[in-house]
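I opened the model and took notes as I went. The entries below follow the order in which I looked things up.

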Amino acid sequence: QVQLVESGGGLVQAGGSLRLSCAASGRTFSSYVMGWFRQAPGKEREFVAGIRRIGYTYSTKYVDSVKGRFTISRDNAKNSVYLQMNSLKPEDTGVYYCAADLSQLRIGISADDYDYWGQGTQVTVSS
């Protein structure tokens, strides 16, 4: 059983920045594929970013709409994954979820690829 707890959401003006954090339980956190998803009102949950360890380095993946603005990172010593969000836009508004995939095979972009989810944190970007 893996528990995920997000924090760092809030209200920010367009062009501003936020840093989301996700604290995870689990003794083998470093092997998990970790992802961030978001869900806007009336829309489906959308993949935002993912990170996977490959040997001594990490592979990352982003949805096109956040490339160059968002950065996913992780600190395995703290069992945590982060999402640094810069140049925020109103269309980035939504509930942001942290997710863990224990399969370690690849960075999935479907919600079905992930085994565990956090409760979500609200991000609101005003224009």
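**Around Ala49.** I listed the contacts of Ala49, leaving out residues up to four places away in sequence. Ala49 touches Met34, Gly35, Trp36, Lys61, Tyr62, Ile72 and Leu83; contact means heavy atoms within 4.5 Å. I placed Ala49 in strand β5. Strands (E, at least two residues) and helices (H or I, at least four) are DSSP runs, numbered from the N terminus. Ala49 is buried, with a relative accessible area of 0%. Buried means under 20% relative accessible area, exposed over 50%, and partly exposed in between, with a 1.4 Å probe and protein chains only. I also checked Gly16, which is 33 residues from Ala49 in sequence and 19 Å away in space, C-alpha to C-alpha.

**Ground rules.** This is a predicted model, in which local features need pLDDT of at least 70, side-chain atom pairs count only at pLDDT 80 or more, and totals for chains, interfaces and linings use all residues. Residues are numbered from 1 along each chain as its sequence is written, and side-chain values use heavy atoms, with hydrogens and water left out.

**The chain as a whole.** I counted zero helices and 11 strands. From the N terminus on, the elements run β-β-β-β-β-β-β-β-β-β-β. The C-alpha atoms fill a box of roughly 40 × 25 × 25 Å, taken along the principal axes. I then compared the radius of gyration with the globule rule. With 127 residues, a compact globule would have a radius near 14 Å, and the chain has 14 Å, which agrees. That radius is taken over C-alpha atoms, and the rule is 2.2 Å times the number of residues to the power 0.38.

Buried residues make up 42% of the 127 residues. The chain exposes about 6,600 Å², and carbon and sulfur atoms supply 47% of it. The areas come from the Shrake-Rupley method with a 1.4 Å probe; for residues, only the protein chains shown count as cover. I looked at contact range too. Among contacts between residues at least 6 apart in sequence, 58% join residues at least 24 apart.

**The disulfide.** How many disulfides does the chain have? I found one disulfide, by the rule of a pair of cysteine sulfur atoms within 2.5 Å. Cys22 and Cys98 form it, with their sulfur atoms 2.1 Å apart. The torsion about their S-S bond is about -75°, so the disulfide is left-handed. Cys22 lies in strand β3 (residues 18-24) and Cys98 in strand β9, so the pair ties together parts that are 76 residues apart in sequence. Cys22 is buried at a relative accessible area of 0%. Cys98 is buried as well, with 0%.

**Aromatic rings.** I turned to the ring pairs and counted six aromatic pairs. Rings of Phe, Tyr and Trp (its six-membered ring) pair if their centres lie within 6.5 Å; planes under 30 degrees apart count as stacked, over 60 as edge-to-face and the rest as tilted. Phe37 and Phe47 have ring centres 5.6 Å apart and planes at 80°, so the pair is edge-to-face. Phe37 lies in strand β4 (residues 33-39) and Phe47 in strand β5 (residues 46-54), so this pair ties together parts 10 residues apart in sequence. Both Phe37 and Phe47 are buried.

Next I took Tyr97 and Trp117. Their ring centres lie 6.4 Å apart with planes at 80°, so the pair is edge-to-face. Tyr97 lies in strand β9 (residues 94-101) and Trp117 in strand β10 (residues 116-117), so the pair ties together parts 20 residues apart in sequence. Tyr97 is buried, at a relative accessible area of 13%. Trp117 is partly exposed, at 27%. I noted one aromatic cluster formed by Phe37, Phe47, Tyr97, Tyr114 and Trp117.

**Charges over rings.** Which ring does the charged end of Arg45 sit over? I found it over Trp117, 4.8 Å from the ring centre. Arg19 lies over the face of Tyr82, at 4.0 Å from the ring centre. The rule asks for NZ of Lys or CZ of Arg within 6 Å of the ring centre and within 35 degrees of the ring normal.

**Positive phi.** Asn79 has a positive phi of about 50° although it is not a glycine. Asn79 is in the loop between β7 (70-75) and β8 (80-85). Ser87 also has a positive phi of about 50° and is not a glycine. I placed Ser87 in the loop between β8 and β9. At 40% relative accessibility, Ser87 counts as partly exposed.
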